[in-house]
Amino acid sequence: MNRLLIEHTEGLYGRVSIQGAKNSALPILTATLLCDDVCVIENCPNLSDVDVTLDILSSLGAKVFKDRNNVTIDSSRANRHRISKSMMAKMRASILFLGAVASKMGEVELCLPGGCKLGPRPIDWHIEALSKMGLNVSCNCNGKLYCKVEEKFNGAEINLPLPSVGATENIILAAVLAKGKTIINNAAREPEICDLCDFLSKCGAKITGAGENQIEIVGVNKLCGTKHKVIPDRIVATTFLAATAMVGGNVKLENIVSEHIKIIIDILRQIGCTVNATFNTVQILSDKKLKAQGEVITEPYPGFPTDAQALFMAISTVSKGISVFVENIFKNRYKHVDELLKLGANIKALDRIAVVTGVKELRGNCLNAKDLRGAAALVIAAMTAKGSSILTGAEYLDRGYENFESNFKKLGAKIKRI
Ligand code: EPU
């Protein structure tokens with residue numbers, strides 16, 4: 001059941017409540033390993049990547065109980081330090097266990113992480129930073145890593161070459177129980193970093209500067225359990241907004257933080273949509289008469305998110321005029337381009353740049369998704385296209401979207417898994 005049949009959809013209408021953020025839930029669940037007591041994580045999305053994280057926690061000895069969107073984790077007796085290759089290979093975020101397990105157990109054995117293939121995704125900045133904090137990597141061969149920490153991590157000043165989300169999170173996980181103070185310069189500023197720091201602060205961690213480019217962490221001796229609600233998923237929200245812009249209609253998003261998608265709202269208004277935002281709702285109205293986006297450059301938060309690039313490229317295929325995309329974060333995040341071409345789009349892509357000239361209409365075809373956000377972009381393009389399309393690789397959607405088809409169906413989309 002990993003194929004979707006998508007038929008031309010006339011418009012999307014209604015309300016949708018936005019799920020908890022995948023990229024917050026994964027580091028927060030990983031961080032529960034550091035707590036000596038029970039943690040309850042609420043608004044945790046039902047996703048395959050969340051299940052992998054919970055499987056890893058269980059394999060390390062944590063007690064995990066999932067009840068719909070609430071997860072209870074007791075890591076007080078977790079005492080294993082090995083993570084299997086098959087679990088590590090299932091997603092990129094598995095690398096966050098490097099900092100967490102080494103901090104808790106003093107040693108860790110794992111393999112290189114998997115995840116969507118968006119070009120090379122090295123972990124050199126993670127390793128360099130944690131090594132500066134006292135991680136000894138005694139084996140780093142054939143994709144296997146065996147690392148030890150003498151007693152505890154030491155605080156250190158880390159200068160990240162770029163504000164990497166994962167490296168910032170790994171350093172935070174290592175630093176909260178370290179000896180002394182850690183300073184992260186050029187830290188990632190994404191809302192998901194703030195959410196991780198909020199969770200850890202509730203557990204007793206001493207963190208200042210989350211959301212700014214310098215984060216300071218003073219290590220504490222122990223973290224207690226807590227209850228925490230995961231923030232809404234800004235990329236899922238962006239997906240519904242992009243779909244409505246492209247397909248047309250009137251959709252209200254509930255349970256979001258509109259500030260997190262300010263840049264998305266600004267662009268949607270510029271291209272011709274009406275967007276009404278309050279603190280935690282956003283309503284979009286679109287008559288499908290869209291203007292080109294000009295230049296869209298992906299950047300770390302608060303810039304335009306790389307995770308929204310494919311969605312906005314889909315919109316630009318039927319917008320009047322020329323849009324230029326510059327993908328600055330990942331080297332190979334244009335795998336959706338060939339598939340959009342099959343629908344009749346006009347796109348010229350070379351290296352990090354893609355030039356899209358809007359066409360009058362797209363026509364349905366057989367499509368193959370190759371990554372999570374690319375898959376969502378192909379679905380919304382296929383909803384706009386005349387006729388029907390079949391998308392293979394729909395399993396990518398399950399990594400990031402809870403109830404993807406049923407949520408879109410409720411809004412009027414003609415979509416089903418076959
Ligand atoms: N990089 C290195 N060395 C490192 C770490 C990163 O060269 O040690 C490079 C990467 O190769 C990439 C750039 O730095 O070119 C940015 O990578 P970053 O570390 O910020 O990304 P990530 O932590 O691997 C997270 C999200 C991605 C999102 C990016 C950028 C999670 C689980 N993943 O990845 O989300 O695109 O940040 O915002 O939080 C998605 O949800 O579909 C997704 C891919």
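The model is predicted, so local features are reported at pLDDT of at least 70 and side-chain atom pairs at pLDDT 80 or more, while totals for chains, interfaces and linings use all residues. Residues are numbered from 1 along each chain as its sequence is written, and side-chain values use heavy atoms, with hydrogens and water left out.

**The two domains**

Begin by colouring residues 3-18 together with 232-417 as domain 1, and residues 22-229 as domain 2. These bounds come from an automatic or database domain assignment. Between the C-alpha centres of the two domains the separation is 31 Å.

**The interface**

Next, select the residues where the domains touch. Contact, meaning heavy atoms within 4.5 Å, involves 21 residues of domain 1 and 24 residues of domain 2. The size of an interface is often given as the accessible area lost when the parts come together. Here the buried area (accessible area, 1.4 Å probe, that two parts lose on being put together, summed over both) is about 1800 Å², with 51% of it from carbon and sulfur atoms. On the domain 1 side, show Tyr 301, Arg 399 and Glu 402: these residues lose the most area to domain 2, together 36% of what that side buries.

Which side chains meet in a salt bridge with an N to O distance of 2.8 Å? Select Arg 234 and Glu 192 to display that pair. A salt bridge is a side-chain nitrogen of Lys or Arg within 4 Å of a carboxyl oxygen of Asp or Glu, and 2 are counted between domain 1 and domain 2. Across the same interface, 7 residue pairs, both at pLDDT 80 or more, are in polar contact. That term denotes a pair of N or O atoms within 3.5 Å; within protein, one must be able to donate a hydrogen and the other to accept it, and residues adjacent in sequence count only if both atoms are side-chain atoms.

Helices (H or I, at least four residues) and strands (E, at least two) are DSSP runs, numbered from the N terminus. The largest share of that side, 3 residues, comes from α13.

**The ligand**

An oxygen atom of the ligand lies 2.5 Å from a polar backbone atom of Ile 329. For a polar backbone atom of Val 165 the distance to a ligand oxygen is 2.8 Å, and for one of Trp 125 it is 2.8 Å.

The structure holds 16 salt bridges. One to display is Lys 288 with Glu 10, at 4.0 Å from N to O. Because Lys 288 lies in the loop between β16 (281-286) and β17 (294-297), and Glu 10 in the loop between β1 (3-7) and β2 (12-17), the pair ties together parts that are 278 residues apart in sequence.

Then centre on Pro 302, in the loop between β17 and α10 (309-316). A cis peptide bond joins Tyr 301 to Pro 302, with omega about 10°.

Finally, select Asn 43, in the loop between β3 (38-42) and α2 (48-59). Although Asn 43 is not a glycine, its phi is positive, at about 60°.
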